[in-house]
Amino acid sequence: MPGGGGKIEHDRDACVGHGRCYVLAPDVFDEDERGHGVLKLASVPAELQDQARAAAENCPEDAISFQPDDAT
Amino acid sequence: MSSHTNNPPEADSDSINFYDPAVAAHPQPVFRRLRDRCPVGKPIPGGAVCLSRYEDVLFALRHPEIFSAVMPAGLIGNVRPLIPLNVDPPEQTKYRKFLDPLFSNKKMLAMEKGVREIASNIVDRFADDDGCEFNTAFAIPYPSTVFLQLMGLPADDLDHFLSLKNAIIRPDAEDPEEQAKIRNESGEKIYAYFNKYLDEIEKSPRDDLLSLFVTAEVGGERMNREEILDICYLFLLGGLDTVTSTLGCMVSYLAQHPDRRQALVDDPALIPSAIEEMLRWETPVIQVVRTVVQDYTIGGVELKKGDPVTLVLGSANTDDEQFPNADEVDFERMPNKHIAFGSGPHRCLGSHLSRLELRVALEEFHRRIPEYTIKPGETPVYSHAIREVTYLPLQFGKGQK
Ligand code: HEM
Ligand code: SF4
């Protein structure tokens with residue numbers, strides 16, 4: 001059920017650079033110098049919802065939270 | 001050296017002792033019993049307390065102010081603590097800020113061509129044979145060759161390099177005192193080996209990793225010789241056997257599960273997520289160790305300052321509370337927050353390098369040898385602590401090249 005987009009947050013203090021986010025969600029996350037994730041965008045468009053969710057669910061540090069907009 | 005043809009001794013089917021070499025090939029059921037019966041406890045009376053639930057292991061890894069990674073030197077022939085493994089934040093962070101960019105995902109991907117060439121050259125040596133002993137033929141030389149190149153050390157040093165680390169990891173002696181002696185002697189040789197190159201580099205820096213160690217500023221000043229040696233020592237002991245073991249575990253698994261192997265051969269795009277799942281299931285680095293530095297109660301068990309604690313990564317990674325149907329190996333498992341590379345500040349520095357090495361190895365091996373099984377009548381032999389498949393006899397199928 002493809003919903004809308006959502007809001008994504010990245011806790012830079014908790015991130016230690018596993019790199020799951022920018023590998024699984026390359027359109028949502030970039031990689032910085034140290035190999036830590038960096039958000040490319042603050043609000044996630046509908047077509048990137050799956051990527052955003054994958055990043056949030058696979059970060060071993062629980063450094064990413066994703067809140068999908070209410071599906072309408 | 002253990003005899004290769006011997007089957008491993010029968011494991012006690014009710015044991016929770018995951019240290020038992022007899023369970024090294026299939027530790028997962030032992031982890032399950034351990035989590036069920038004493039998630040925070042001592043599987044061996046008198047031994048260290050083990051944490052075996054995902055949640056507890058993760059907590060300990062992320063809280064160095066309670067579970068410190070600082071260790072006395074000398075356990076593996078080293079005369080000083082290893083950097084950055086035996087240093088806690090904030091001191092440790094200074095080293096990671098310097099090292100992380102050198103081992104970032106981007107930097108590692110930029111080496112892919114060279115790594116692939118190394119893998120392909122090694123496969124060339126045996127691709128036309130009927131089979132191979134995978135550990136000697138591929139899993140051992142591959143990561144070391146990559147590593148020598150990365151560090152800027154001569155490829156001809158391979159055998160010397162391997163013998164130095166082997167003497168530390170598997171000293172050829174039964175008696176613990178004798179083992180310590182071999183380790184210490186080999187440790188001295190390791191320091192001498194790196195010292196020799198570092199002397200040369202100090203005179204004329206080159207364009208390689210070791211030269212960067214000599215010239216770069218870390219936390220505002222250059223590292224001294226001891227700091228550099230303590231990093232190199234850890235690289236030698238942490239960056240080679242781990243990849244060898246992981247590759248062995250993976251290829252052994254695939255050799256015993258033809259449908260899974262075939263799935264990867266048919267669709268190599270599946271390899272990255274299959275690697276994550278095999279890292280989870282096999283967790284070659286079964287455990288890491290910490291010392292409690294402030295009294296703390298976890299899972300109803302009181303830990304006292306100074307207590308050694310073992311964090312059983314292998315058990316955490318097969319915990320149903322975190323991984324639904326944890327016993328099922330699902331190459332498309334999603335999500336998969338395994339901690340085979342640890343978690344928290346000490347997250348494996350080499351995780352991006354390892355992922356590259358593992359993917360390229362499977363791609364190149366399967367490209368030339370799409371069909372293989374365990375050689376009929378033989379059994380792979382696993383060692384414990386780090387789960388190296390010390391003997392992995394493969395038979396290649398259907399004569400394809
Ligand atoms: C698949 C192969 C590998 C596995 C499974 C693995 C696993 C681990 C684990 C579990 C830790 C955490 C230790 C702890 O928390 O006490 C670690 C740390 C480390 N690994 Fe790896 N490793 C692998 C390959 C490598 C490679 C290729 C390198 C080469 C540079 C490397 C370098 C390190 C270093 C330097 C640390 C210490 C990091 C720190 O303390 O800040 N590892 N590794
Ligand atoms: S997966 Fe998590 S820890 Fe890893 S880089 Fe992304 S945010 Fe950081």
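How many salt bridges does the rule find across the interface of chain A and chain B? Keep that question in mind while we walk through the two chains; the model you are looking at is a predicted one.

Let's start with chain A. Three of its strands make an open sheet, arranged in the order 4-1-5 with antiparallel pairing. Strand 4 (43-44) and strand 5 (64-68) of chain A each have a single partner strand, so they form the edges of the sheet and one side of each has no neighbour there. Strand 1 (residues 6-10) of chain A is joined to strand 5 of chain A by five bridges, in the antiparallel sense.

Take a look at the backbone here: phi of Asp62(A) is near 50°, a positive value although the residue is not glycine. As background, most residues other than glycine have a negative phi.

Now move to chain B. Here five strands form an open sheet in the order 1-2-10-7-3, and the pairing is mixed. Its edge strands are strand 1 (40-41) and strand 3 (67-68) of chain B, each of which pairs on one side only. Strand 7 (residues 287-292) and strand 10 (residues 308-312) of chain B run antiparallel and are joined by five bridges. Strand 7 of chain B also pairs with strand 3 of chain B, again in the antiparallel sense, over two bridges. Thr291(B) is a handy residue for seeing both pairings: its bridge partner in strand 10 of chain B is Pro308(B), while Thr291(B) is itself the bridge partner, in strand 7, of Ser68(B). Helix 2 (residues 54-62) of chain B lies across strand 1, strand 2 (49-51), strand 3, strand 7 and strand 10 of chain B. This helix runs at about 125° to strand 10 of chain B.

The peptide bond joining Ile83(B) and Pro84(B) is cis, with omega about 0°. Pro90(B) has its place in the loop between strand 3 and helix 3 as well, and a cis peptide bond with omega about 5° joins Pro89(B) to Pro90(B). For context, most peptide bonds are trans.

You will find Cys348(B) in the loop between helix 15 (313-316) and helix 16 (351-368) of chain B.

Finally, let's see how the chains meet. In all, 18 residues of chain A are in contact with 22 residues of chain B. The area buried between the two chains is about 1,800 Å², with carbon and sulfur atoms giving 43% of it. In chain A, His18(A), Glu31(A) and Arg34(A) lose the most area to chain B, together 34% of what that side buries.

And the opening question? The rule finds five salt bridges across the interface of chain A and chain B. In one salt bridge, Lys337(B) meets Asp62(A), with the closest N and O atoms 2.4 Å apart. Between the chains there are also 14 residue pairs in polar contact. Helix 1 (20-24) and helix 2 (49-58) of chain A each supply at least two residues of the side that touches chain B. Helix 1 of chain A gives the most to that side, with three residues.

Methods
Residues numbered from 1 in each chain as written. Chains lettered and ligands numbered in written order. Predicted model: local features only at pLDDT ≥ 70, side-chain atom pairs only at ≥ 80, totals over all residues. Heavy atoms only, no water. Pairing = 2+ DSSP bridges. Helix = DSSP H or I, 4+ residues; strand = E, 2+ residues; numbered from the N terminus. Contact = heavy atoms within 4.5 Å. Axes fitted to C-alpha atoms, helices over the stretch in contact; angles between N-to-C directions. Buried area = accessible area lost by both parts, 1.4 Å probe. Salt bridge = Lys/Arg side-chain N within 4 Å of Asp/Glu carboxyl O. Polar contact = N/O pair within 3.5 Å; in protein donor to acceptor, adjacent residues only side chain to side chain.
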